[in-house]
Amino acid sequence: HAGASDTFCQTPGGAAPGIAMNAIVLEKPGCFAAVDRPDPGDPPPGMARVRVHRVGICGTDWHAYHGRQPFFSYPRILGHELGVEIEAVNDPASPLRPGDRCAVEPYLNCGQCIACRRGRGNCCVNMQVMGVHLDGGMQEHILVPARKLHPGGSLAFEQLALVETLAIGRHAVQRAGIEAGEQVLVLGAGPIGLSVLPFVAESGGQAIVADISRQRLAFARQHMNVAHTLEAGDDLPRRLTNLLGDLPTAVIDATGNPASMMRCFDLVAPSGRIVFVGLFQGDVTFNDPNFHRRETTLLATRNALATDFQTIIRLIQQGRIDTTPWITHQADAADFPKVLPDWLAPDSSLLKAVLRF
C-alpha cells in the first residue's frame, strides 16, 4: 500500500480529526489507515475502471476490524458493497458505457472449476471476494471485471450499494425454495436476516422473525412489515406451535451462532428445510434420529449469483423493494475516523453504515 498514510485506531481517547486520502486500509485488527493509493490507470482487456461513490459496511468488515474474520490477511482494503460509476470499459462486447451507475458483484470466480462449469460460480473452488481475499472498494478508483458490473439505471448510489446485501438474502430464499403460503422462521434480525425478508414476501411466504434483541425485532415490525416476531429462547418451539398451529416448514438461520444453528433441528416441521446463511468456525452437531424422523433437508447458502443482482435491481426500480429503512448511519469517507467510535458504540442502533467517497 504505497503512499503517505494517516493511521487512526479505535482508542478510548476520543475521535480523530477528518483526513485527506483516496483509500482506507485496515492495517491490522482495530486499526485503519488513510492512504494515497496510486491511480489504477486504464483498464486492461475485459476490465472496467470505476469511480467508487458509496461503500456499505457489513458484518464481514466489522469481523475483520475486530480480528475475527476467518481466511483473512492484513493489511486489506475492505469494501464489497459498492455503488460505482463507470469511467472506462475495455470490453467491446460489453453494453456498459462511461457514466453508467452500477452495483458490483464482488465474487471473482475462476470460470474453470466444477462449480463454475455448473453455473454455480458463487461457490467457486478458487473464489476471491473483493475486500476479503483481495483489496476492495474503500478507495476512490478501482478496476473491476466488466462482467461483474450490473447497471442500475437511475438508481441512487446508496441503493446500488445495498444490492449485494440483498443478494445474499435472495440467494438464501432461492436455496430454500419457499412456496406461496409457507410459514418461514428467520432466526436473526441483523442485516442478513432482514435481507431475507423481502424475498420471502416475494415468494408468497409468511415470515416469522426471532431474535434476542427487542430493538431489532421492533425494527423488523416497523420497517420490514413483519407481522409476527418472537424473542428467541428455550421455549421457542412451543411458542411457534401456539402461534402457527405447527412448526414452520422452512427455517433460515442468519445468526452465525452455533447454539442457534444447532437448535434449528428442533424448530423445523417434519418434511421441512433448514438453510444456514450465517456461519462460524466450528462443527454443527445434531441428533440423527430427530433429523431422520422429520426427513429434514439441510442446505447451506454462500454469496449470490448474477441473476440475484439483476433481479434485485429490477425490483428496486419497480418499487417492490424499499431500501429507505436500511441505511441507519452514513458519513463522508474523510470523516470515518470521527464517526467510527460512535458507530461501534453499543447503543448506536447501527444496522447498515455507508461511506461516501
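So, let's begin at Gly319: this glycine comes after helix 9 and has a positive phi, near 80 degrees. Helices here are DSSP runs of H or I with at least four residues, strands are E runs of at least two, and both are numbered from the N terminus. Keep in mind that this is a predicted model, where local features need pLDDT of at least 70, side-chain atom pairs count only at pLDDT 80 or more, and totals for chains, interfaces and linings use all residues. Residues are numbered from 1 along each chain as its sequence is written, and side-chain values use heavy atoms, with hydrogens and water left out.

Back to helix 9 itself. With 12 residues, 306-317, helix 9 reaches 17 Å from first C-alpha to last, close to the expected 16 Å, which is 1.5 Å times one less than the number of residues.

Which residues of helix 9 are buried? They are Asp308, Phe309, Thr311, Ile312, Ile313, Leu315 and Ile316, buried being under 20% relative accessible area with a 1.4 Å probe, protein chains only. Their cover includes strand 6 (101-104), strand 10 (149-151) and helix 3 (157-176).

Finally, confidence: pLDDT, the predictor's per-residue confidence from 0 to 100, averages 92 over the protein, and 94% of residues score at least 70.

Definitions and conventions: Buried < 20%, exposed > 50% of the residue type's maximum accessible area, 1.4 Å probe, protein only. Contact = heavy atoms within 4.5 Å.
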